[in-house]
Structure formats: structure tokens, C-alpha cells
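Me: I would like to learn how to read a protein structure. Could you take me through this one step by step?

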Amino acid sequence: MELYDVMRTAFSAREYTDEPVPDKLLYRILDNSRFASSGGNRQGWKVIVVRKKESKQKIAELAVPGAKRYAAQRIAGENPFNTIDPSSVDDETIQNTPPSPKLNMTYVDAPVVLVVCVDLKVVASMDRDLDRVGVVSGASIYPFVWNILLSARNEGFGGRITTIPITREKELQEYFRIPGHFAVSAILTIGKPAKLLTKLSRKPVSEFTMVEFFDGKNL
Ligand SMILES: Cc1cc2nc3c(=O)[nH]c(=O)nc-3n(C[C@H](O)[C@H](O)[C@H](O)COP(=O)(O)O)c2cc1C
């Protein structure tokens, strides 16, 4: 596929056919994805290839608390898990809200699940001392993560990033025997999409690009 076609059609595939994702294909996807940039070229990524049903079930189970809170905050008209606006949703409401099915589905049915971790010992977290949630650390892992999804799309497969289970990172680390200084960055489901979506809903450039200053005119 043409690069721009891949970029414009890499939708979040949540339903897959039974077609397997062989190790050979996975290897090729990862072999191309590894050319991603990372701070200082430290390449702190590790990937756990999960095919065992009970392990996928474990991930699905650990996604439930986050998916419940996500759904409850959406129902309340909030931007879930944001660190700026305090949430008005209490614990009891979260408990009584069913998990968002879209966010929580498909771990078990996906042919393969990738748990992507990053070694925080090698990541330069430039914003570590700022008075806000850290975002710069992610820049050393998400280019790699996104390359995986672009490569999968290029191979006629597809997948999606999930982060919901990471609210239970400690349990993930215990289950998958991940050392404590490795952050679980993303959990990807990969397979042959049951249907292809090609029209992605995204804001136009003019809505997010300003010239010279944040309040400058749009490009
Ligand atoms: C940082 C990040 C976290 C995400 N977490 C989840 C998730 O936990 N579960 C899920 O189903 N999708 C997740 N997604 C996928 C988004 O929901 C999806 O990209 C968005 O709704 C746009 O859908 P589309 O790519 O099909 O157009 C995540 C995407 C990103 C970039």
C-alpha cells in the first residue's frame, strides 16, 4: 500500500476474522516497526506476544475497572481520565456502570495480543519535574507502537491500541512477569479485520494548526 493510504485508513479494528496472525508475519511487522524513533535512540521497548486464551482473559478482566470508569465519565459528559478537570463521578456510580463494551471487547477473540512495555530506566522524561502529568516519556514508545499498527494495516491486517487495562498495571506486571521499572504502554489487539473502515473521522488541519502563536490564524 501507499504510505499515505496506510496512514489515512489505519482505523481501530476491534472485530476480526478467524484468520491467524502467524509468527512470521508478526516478525515482519515488528522488524519494520523497530525503525521508530526514540529519545537518544534508547529503544527501551519490549513486546510480549500473547496467544494463550487465559492470558487474554486476564487482560480483559483487568480492563473492566477502567472501562467502567470510562463509561461512567462519558455518561456524565466528562473527558474520561483527564488530569485537568476534576471528575464529578463517585465510586458507587462507577461500580454500577457497565463497562463500555466497545473499549472492553475483543481481547479474547483477537488472534494475537501484544503487550508493549517501555523501560523507564532508559527513557528521558523531560517533563518529569513539571507540575502536570508526564507526557514526554510516551514519545519514546508510541512512535514504535503506531508503527506496529501501520505495518499491520500495510499487511492487510489491522488492530488497535488499548490502554484501559493499564489502570491495573501492577497486576499486569505480576501476571506477565514484567519488572517494575517497565511501564506497560499499550496493549494491542491484532488480526484480520472483519470489515474494513476506510473513512476515518478526524478534524481538518485548519482546526488544530495555528501560525506562529497558539492564538494565531489557522493554516
Ligand atoms: C492512547 C490511546 C488509547 C486508546 N485506548 C483504547 C482502549 O483502551 N480501548 C479501545 O478499544 N480503543 C482504544 N483506543 C482507540 C481509540 O478509541 C480510537 O483510535 C478512536 O476512537 C478513533 O477510532 P478510529 O481509529 O477507528 O477512527 C485508544 C487510542 C489511543 C491513541
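Me: In what order do the elements of the protein chain run from the N terminus on?

Reply: Before that, a word on the source: this is a predicted model, where local features need pLDDT of at least 70, side-chain atom pairs count only at pLDDT 80 or more, and totals for chains, interfaces and linings use all residues. Residues are numbered from 1 along each chain as its sequence is written, and side-chain values use heavy atoms, with hydrogens and water left out. Now the elements: helices (H or I, at least four residues) and strands (E, at least two) are DSSP runs, numbered from the N terminus. Here the order is α-α-β-α-α-α-β-α-β-α-β-α, which comes to 8 helices and 4 strands.

Me: What radius of gyration does the protein chain have, and what would a compact globule have?

Reply: The radius of gyration is taken over C-alpha atoms, and the globule rule is 2.2 Å times the number of residues to the power 0.38. For 219 residues the rule gives a value near 17 Å, and the protein chain has 18 Å, which agrees. Its C-alpha trace spans about 50 × 45 × 40 Å along the principal axes.

Me: How many of the residues count as buried?

Reply: Buried means under 20% relative accessible area, exposed means over 50%, and partly exposed is in between (1.4 Å probe, protein chains only). In this protein chain, 38% of the 219 residues count as buried.

Me: How many aromatic pairs are there?

Reply: Rings of Phe, Tyr and Trp (its six-membered ring) pair if their centres lie within 6.5 Å; planes under 30 degrees apart count as stacked, over 60 as edge-to-face and the rest as tilted. By this rule there are 2 aromatic pairs. In one of them, the ring centres of Trp 45 and Phe 144 are 4.3 Å apart with planes at 5°, so this pair is stacked.

Me: Why does that pair tie together parts that are apart in sequence?

Reply: Look at where the two partners sit. Trp 45 belongs to strand β1 (residues 45-50) and Phe 144 to helix α6 (residues 142-154), so the pair links parts 99 residues apart in sequence. Trp 45 is buried at 12% relative accessible area, and Phe 144 is buried too, at 2%.

Me: And why is the pair of Tyr 175 and Phe 176 edge-to-face?

Reply: Their ring centres are 4.8 Å apart and their planes stand at 75°, so the pair is edge-to-face. Tyr 175 is partly exposed at 30% relative accessible area, whereas Phe 176 counts as buried at 13%.

Me: Which residues is Leu 30 in contact with, leaving aside its neighbours within four places in sequence?

Reply: Contact means heavy atoms within 4.5 Å. Leu 30, in helix α2 (residues 23-33), is in contact with Val 47, Phe 144 and Ile 148. For the protein chain as a whole, among contacts between residues at least 6 apart in sequence, 78% join residues at least 24 apart.

Me: My last topic is backbone angles. What is phi of Asn 41 near?

Reply: Phi of Asn 41 is near 55°, a positive value in a residue other than glycine. Asn 41 sits in the loop between α2 and β1 and counts as exposed at 52% relative accessibility. Phe 81 is not a glycine either, and its phi is positive at about 65°. The place of Phe 81 is the loop between α3 (53-75) and α4 (91-96), and at 32% relative accessibility Phe 81 is partly exposed.
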